[in-house]
Amino acid sequence: LDCSHRRARNFLLTSIAIIGSQFAGLQLSHATEVSKDYTAERMLELCERRAPGDRPDLQRMVCTFRLEGVTNIMVENCFSTIKGFTPAPILTAKRPPSIGAIQQAYTNFAKANPQKWGMSWHVVAVEAIAEAFPCDQ
């Protein structure tokens, strides 16, 4: 493999490991309480700039960075299917048209699923992003 392919492969494998480790934690979330700062409900508050005690502009920035990071990993996983990898469909997404579209997808999904508000934000984000932007590779 040339250098660029090796870097891409390493990035992909690292990304899959990170997301996989997060989902491994999902098993534990049923037995242990998720910190309030990392729940889907708090993430919704951040995305809507209404979390208590923080500046609204900083709240939106935290929402943006978190969701964009998860989305980028999911998009790379989607592209990996071209190279013969077979990531779990829930861990893949096509490139959204904008950051605003990612935030809106999360907000809509979270509001429609209040039963998930106590879950870790990243688990709910993966579901929202996969549903709104399914991988079509």
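Author: What follows goes through the disulfides one after the other. This is a predicted model, in which local features need pLDDT of at least 70 and side-chain atom pairs count only at pLDDT 80 or more, while totals for chains, interfaces and linings use all residues. Residues are numbered from 1 along each chain as its sequence is written, and side-chain values use heavy atoms, with hydrogens and water left out.

Taking a disulfide as a pair of cysteine sulfur atoms within 2.5 Å, the count comes to 2 disulfides. One of them joins Cys47 to Cys63 with an S to S distance of 2.0 Å, and with 90° about the S-S bond this link is right-handed. Cys47 lies in helix H2 and Cys63 in helix H3 (residues 56-80), 16 residues apart; helices here are DSSP runs (H or I, at least four residues), numbered from the N terminus. Cys47 is buried at a relative accessible area of 3%, and Cys63 is buried at 0%, where buried means under 20% relative accessible area, exposed over 50% and partly exposed in between, with a 1.4 Å probe and protein chains only.

Cys78 and Cys135 are also joined by a disulfide, S to S 2.0 Å, and the torsion about their S-S bond is about 85°, so this disulfide is right-handed. Because Cys78 lies in helix H3 and Cys135 in the segment after helix H5 (121-132), the pair ties together parts that are 57 residues apart in sequence. Cys78 counts as buried at 1% relative accessibility, whereas Cys135 is partly exposed, with a relative accessible area of 25%. With the bonded cysteines numbered in sequence order, the pairing reads 1-2, 3-4.

Definitions and conventions
Helices (H or I, at least four residues) and strands (E, at least two) are DSSP runs, numbered from the N terminus.
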